[in-house]
Amino acid sequence: MKNQKKLIILTGPSGVGKGTVVKEILCKEKNFWLSISATTREPREGEKDGENYYFLNQEKFKEMIEQNLFLEWAQFAGNYYGTPLSSVNEKIKKGFTVLLEIEVEGARQIKNKFPNSQSIFLLPPDKEELERRIRNRGTEKEEAIKKRLSRANYEISASNEFDFALTNHNVDETAKKIIKLIKT
Ligand SMILES: Nc1ncnc2c1ncn2[C@@H]1O[C@H](COP(=O)(O)OP(=O)(O)OP(=O)(O)O)[C@@H](O)[C@H]1O
Ligand SMILES: Nc1nc2c(ncn2[C@@H]2O[C@H](COP(=O)(O)O)[C@@H](O)[C@H]2O)c(=O)[nH]1
């Protein structure tokens, strides 16, 4: 894949605000494109197949792994998640800056495969605020919240592996800082 600087990884623990910040970035930057991942998790209320994710069963997801159709994939909190290769290639060729909003294992895979990609780790102001954000989102049951929070400790300890680490205090400010980092 050419022009790897156009490939931006946004990672960080579940609930830190990656998706919210990405939405804000996409409102501000029309030449940026967010990759649509595939997942085996169940859709949340209001989520649409092909818009939020490609919702697949495990058999189909594993078939895609076998066929090397993912740029990266990982298991997270009991489900599979992966970045489909073809659409990312196509958007980069068209000149878009492609954003990957992914967890840490997948982010490491992309960093290894594409050393010129740029990686940004979002940190919460503190762990209590992270828990508040996940709980207030209201999308996960208690068991899933616990899995995500225990994984968050491991993920936060990996924050120094990435090019930049930013604390997400305020959505608008974080989005502006990320845009500046990408364009510098
Ligand atoms: N800077 C912020 N201040 C306060 N609340 C925030 C901030 N950023 C995001 N939130 C809220 O935190 C919750 C989690 O945000 P979001 O879903 O974007 O996180 P995420 O990192 O994408 O999570 P996941 O990895 O689980 O998909 C949402 O309810 C969102 O509105
Ligand atoms: N490695 C990958 N991680 C991904 C991908 N798409 C999303 N994610 C990350 O999974 C967790 C959970 O997401 P949720 O939508 O269930 O809350 C979160 O950290 C996402 O960033 C992907 O393609 N590959």
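**Conventions.** I number residues from 1 along each chain as its sequence is written, and I letter chains from A and number ligands from 1 in the order in which they are written. In this predicted model, local features need pLDDT of at least 70 and side-chain atom pairs count only at pLDDT 80 or more, while totals for chains, interfaces and linings use all residues.

**Ligand 2.** I looked up the 15 residues around ligand 2 (C-beta atom, placed from the backbone, within 6 Å). Ser37, Tyr81, Ile102, Glu103 and Gly106 come nearest. I noted that strand 5 (70–76), strand 6 (79–84) and helix 4 (104–113) each supply at least two residues of this shell; helices (H or I, at least four residues) and strands (E, at least two) are DSSP runs, numbered from the N terminus.

**Helix 6.** I checked the length of helix 6 (residues 142–157): at 1.5 Å a residue its 16 residues should span 22 Å, and the end C-alpha atoms are 23 Å apart, which agrees. The expected span is 1.5 Å times one less than the number of residues. I found Arg148, Ala152 and Glu155 buried, that is, with 20 or more other C-beta atoms within 10 Å of their own, these atoms being placed from the backbone. The buried residues of helix 6 pack against helix 4 and helix 5 (127–137), where contact requires C-beta atoms, placed from the backbone, within 7 Å.

How values were computed
Buried ≥ 20, exposed ≤ 12 C-beta atoms within 10 Å, placed from the backbone. Contact = placed C-beta atoms within 7 Å.
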